Amino acid sequence: MSPPQKPLQQNQPGVPQLSARAQDLHTQMVTAHTPGYLYSQGELQELAGAKDVRALLRWVQELTNAHLVKLAQQGSAVYFGAVTLTDARVMRTLTPDEALVYDQIVEAGRNGIWTKTLHARTNLHHNVVARCLRQLEALRHIKPVKAVTHPTRKIYMVAGLEPSLELSGGPWFTDAEIDTEFIESLTNVICRFVDARSYPPPLDGPSSNANGSSSSGGGGTSELRVYPATYGDFPTVPAIAEFVKTSGVANVDLTLADIRTLCEVCVYDNRLEKVDNGGLGYKATLKTHLHNIGAEVEPTAADLVDFEYW
């Protein structure tokens with residue numbers, strides 16, 4: 001998807017001289033639908049309020065000459081798409097081959113386009129496409145990106161766009177490789193935070209810090225306590241997400257879905273367990289709690305009974 005499109009304005013730098021009706025038509029095209037929408041001739045007539053098809057085609061030709069409208073053929077029908085002012089300015093500085101390649105890259109949006117697909121869609125020789133890509137990249141109009149699903153493919157997209165989630169893999173990937181160190185760091189922080197709100201501090205033992213971590217005192221199982229069954233303040237995903245955000249442990253924005261994924265990883269690793277406290281919450285497992293308080297002795301069956309029903 002291209003960046004949000006802006007209507008043309010009179011006397012804008014880089015805007016060729018257009019008739020008022022052509023400018024108005026472009027404004028209607030960029031505001032009536034989302035970027036990338038293709039209009040039929042009938043839709044353009046309705047937008048422009050044109051009863052004379054010849055007048056409509058004259059305005060379209062003005063916009064096409066200014067690279068502000070592009071044509072697309074679907075079957076035997078011809079459709080018309082609005083081009084952003086930024087892209088039009090770029091197109092006017094390019095050779096015909098470069099413009100053809102750039103147009104395909106723009107159309108690919110945040111998903112990018114594979115060089116092999118570029119060859120097929122432009123019908124240009126491999127050497128010509130390679131030369132165009134080098135020039136467009138040198139002018140900083142495009143950039144190469146890596147796809148997590150196809151790391152060996154050469155993929156390009158418009159320089160000002162951020163790769164889609166499908167392309168980049170989201171926050172868990174860096175340069176198309178899964179960032180295990182980042183994931184481990186986040187899950188450790190989350191487990192400490194949840195643990196600090198899952199169990200009371202051990203008697204005469206370590207206490208929890210404000211950031212959710214616990215100081216180690218080498219406590220034993222005799223110090224273990226639990227909240228009563230009526231306790232309902234186990235952390236929910238929004239609470240965990242807010243802690244992660246304010247703590248500054250992540251250098252990227254994480255959504256609630258991202259935080260839930262991390263919590264489910266911890267559940268799978270038997271570090272957290274799900275609880276129903278009026279909503280989905282998470283509680284640290286006994287294994288996690290013992291690790292965080294530095295307990296050196298595994299609880300016996302008798303300890304567990306006392307632990308569960310204290």
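Student: By class, how many nonpolar, polar and charged residues does the lining of the largest pocket have?
Tutor: This is a predicted model, in which local features need pLDDT of at least 70 and side-chain atom pairs count only at pLDDT 80 or more, while totals for chains, interfaces and linings use all residues. Residues are numbered from 1 along each chain as its sequence is written, and side-chain values use heavy atoms, with hydrogens and water left out. On a 1 Å grid over the protein atoms alone, a pocket is an open set of points where a 1.4 Å probe fits, with protein on both sides within 12 Å along at least five of seven lines, and lining residues have an atom within 4 Å of a point. Counting Ala, Val, Leu, Ile, Met, Phe, Trp, Tyr, Cys and Pro as nonpolar, Asp, Glu, Lys and Arg as charged, and the others as polar, the lining has 18 nonpolar, 11 polar and four charged residues.

Student: What volume does the largest pocket have, and which residues are the closest to its centre?
Tutor: Taking the volume as the space filled by probe spheres set on the grid points, which are joined across faces, edges and corners, the largest pocket comes to about 580 Å³. Its lining counts 33 residues, and the closest to the centre of the pocket are K70, V83, D103, V106 and E107.

Student: Which element gives the most to the lining of the largest pocket?
Tutor: Helices (H or I, at least four residues) and strands (E, at least two) are DSSP runs, numbered from the N terminus. The elements that each supply at least two lining residues are α1 (20–32), β1 (38–39), β2 (69–74), β3 (77–82), α4 (85–91) and α5 (96–108). With eight residues, the one that gives the most is α5.

Student: In β3, which residue is the bridge partner of K70?
Tutor: Strands count as paired if DSSP finds at least two bridges between them, and an open sheet of three strands has the order β1-β3-β2 with antiparallel pairing. Its edge strands are β1 and β2, each of which pairs on one side only. Six bridges join β2 to β3, and in β3 the partner of K70 is G81.

Student: Which residue in β6 is the bridge partner of P144?
Tutor: Strand β6 (residues 155–158) pairs in the antiparallel sense with strand β4 (residues 113–114) over two bridges, and there I113 stands opposite Y156. Antiparallel pairing also links β5 to β6, over four bridges. In that pairing P144 again meets a residue of β6, and its partner is Y156.

Student: How many aromatic pairs does the count come to?
Tutor: Rings of Phe, Tyr and Trp (its six-membered ring) pair if their centres lie within 6.5 Å, and planes under 30 degrees apart count as stacked, over 60 as edge-to-face and the rest as tilted. By this rule the number of aromatic pairs is three.

Student: Which kind of aromatic pair do F193 and F243 form, and how many residues apart are they?
Tutor: The two rings are stacked, 4.2 Å from centre to centre with 10° between the planes. This pair links distant parts of the chain, with F193 in helix α9 (residues 180–196) and F243 in helix α10 (residues 237–247) at a sequence separation of 50 residues. Both F193 and F243 are buried, and the pair is stacked with a separation of 50 residues.

Student: How far from the centre of the W114 ring is the charged end of R153?
Tutor: A charge sits over a ring if NZ of Lys or CZ of Arg is within 6 Å of the ring centre and within 35 degrees of the ring normal. The charged end of R153 sits over the ring of W114, and the distance to the ring centre is 3.7 Å.

Student: Is N123 buried or exposed?
Tutor: N123 lies in the loop between α6 (115–122) and α7 (126–138), and it has a positive phi of about 60° although it is not a glycine. Because its relative accessibility is 70%, N123 counts as exposed.

Technical notes. Buried means under 20% relative accessible area, exposed over 50%, partly exposed in between (1.4 Å probe, protein chains only).
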